[in-house]
Amino acid sequence: MSQAESIADRLPGASQNVTSLQAHILAEERRHPHASGTFSWILSALALSAKTIAALIRRARLEDVLGSMGSENVQGEEQQKLDVISNEVLLRCLGQRSGVAIVASEEDDEPTILRTETDGERRYCVLFDPLDGSSNLDVAGGVGTIFSILRHHPEAGSPETSILQAGTEQVAAGYILYGSSTVLVVTTGNGVQMFVLDPAIGSFLLVEEEVRIPARGETYSLNEGNRPGFPQGWQDYLAWAQANGYSGRYVGAMVADVHRTLLKGGVFMYPPTGKTPDGKLRLMYEANPMAMIVEQAGGKAFAGAAERILEVKPQTLHQRVPVLLGSVEEVDRVREFVA
Ligand code: AHM
Ligand code: MG
């Protein structure tokens, strides 16, 4: 072995098969001979946004951008400064891509129309939660960005009608977790790929080409403080899980909790309560993208006992939906209790 080879073998992240997100996107594009590249440019805008947001979060305390804005979003939730800044980063990065027709965000009341031309070019709608779990920022906890990409249908009339498509219509979905490392997980309907940001070179590198969720896992993840308000079936499941030695794990940021569930197995839930019959999480930019990821990884995602999240017909942009997702065996067990 030459000296260069032996040094290469000691490089972090292994020296072989270093695939960047960019290279992966281009390889995917080549598999679709009619692809125009539009879609690839959108994914690259999301990656650029993610790198920018990751850098901002790392320096947040130092640059005094933590804490509340003193304003509320359309859903009556207090906006953190970084919610607003991250939203702006995504709007700017996506706004520069000619393939994006409409963007819609958790932080904005209405969708933003970027382009109305009907020049025949295929365009997309991008929906996102710019900084999910942002109340974790003050304590340096994990937060994330969630995104969903749909085809734009100009013939639908209003922008809202164009984006109100069921989750089954998503052409891609994913999330970025800003944790101890920055992780990007994405699906374009062909399995789930996982990338980790190498901060030394500023690239997302492929670490797992085919993420599969374990079929079972003895962990449940939910806000147990809400337990008295859950319908009886959900409470009965919890009693069963505790009697059977399950562990509870809850970060309180959906991206972090779903990421752990995806890699280690178990079940993540945000059930309905008496006060919030549809739970808390939003269908279009939280539940749908996570459901697509989990199903593509071999898991299940339901809005209660009977209906797949991806089949829920949306009525409004910011509508909420109960969430039950994770390992096949665990999700089915909860559904039996809840039915
Ligand atoms: P956000 O989008 O305003 O940050 O709210 C969504 C977050 C999710 O990340 C998390 O799963 C949930 O709210 C936690 O809610 P709760 O504090 O009620 O457990
Ligand atoms: Mg959120």
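Trainee: Which domains give residues to the shell around ligand 1?

Mentor: In this predicted model, local features need pLDDT of at least 70 and side-chain atom pairs count only at pLDDT 80 or more, while totals for chains, interfaces and linings use all residues. Residues are numbered from 1 along each chain as its sequence is written, chains are lettered from A and ligands numbered from 1 in the order in which they are written, and side-chain values use heavy atoms, without hydrogens and water. Ligand 1 lies between two domains, because both give residues to its shell; the bounds come from an automatic or database domain assignment. The domains are domain 1 (7–208) and domain 2 (219–338).

Trainee: How many residues of the shell around ligand 1 are charged?

Mentor: The shell includes 5 nonpolar residues (Ala, Val, Leu, Ile, Met, Phe, Trp, Tyr, Cys or Pro) and 4 polar ones (the others, Gly among them).

Trainee: What distance separates an oxygen atom of ligand 1 from a polar backbone atom of glycine 133?

Mentor: A polar contact is a pair of N or O atoms within 3.5 Å. A side-chain N or O atom of aspartate 129 lies 3.2 Å from a ligand 1 oxygen, and a polar side-chain atom of arginine 282 lies 3.3 Å from one. For the backbone of glycine 133, the distance is 2.7 Å.

Trainee: Is alanine 140 buried or exposed?

Mentor: Alanine 140, with a positive phi near 55°, has 73% relative accessibility. Exposed means over 50% and buried under 20% relative accessible area (1.4 Å probe, protein chains only). Alanine 140 therefore counts as exposed.

Note on methods:
A polar contact is a pair of N or O atoms within 3.5 Å; within protein, one must be able to donate a hydrogen and the other to accept it, and residues adjacent in sequence count only if both atoms are side-chain atoms.
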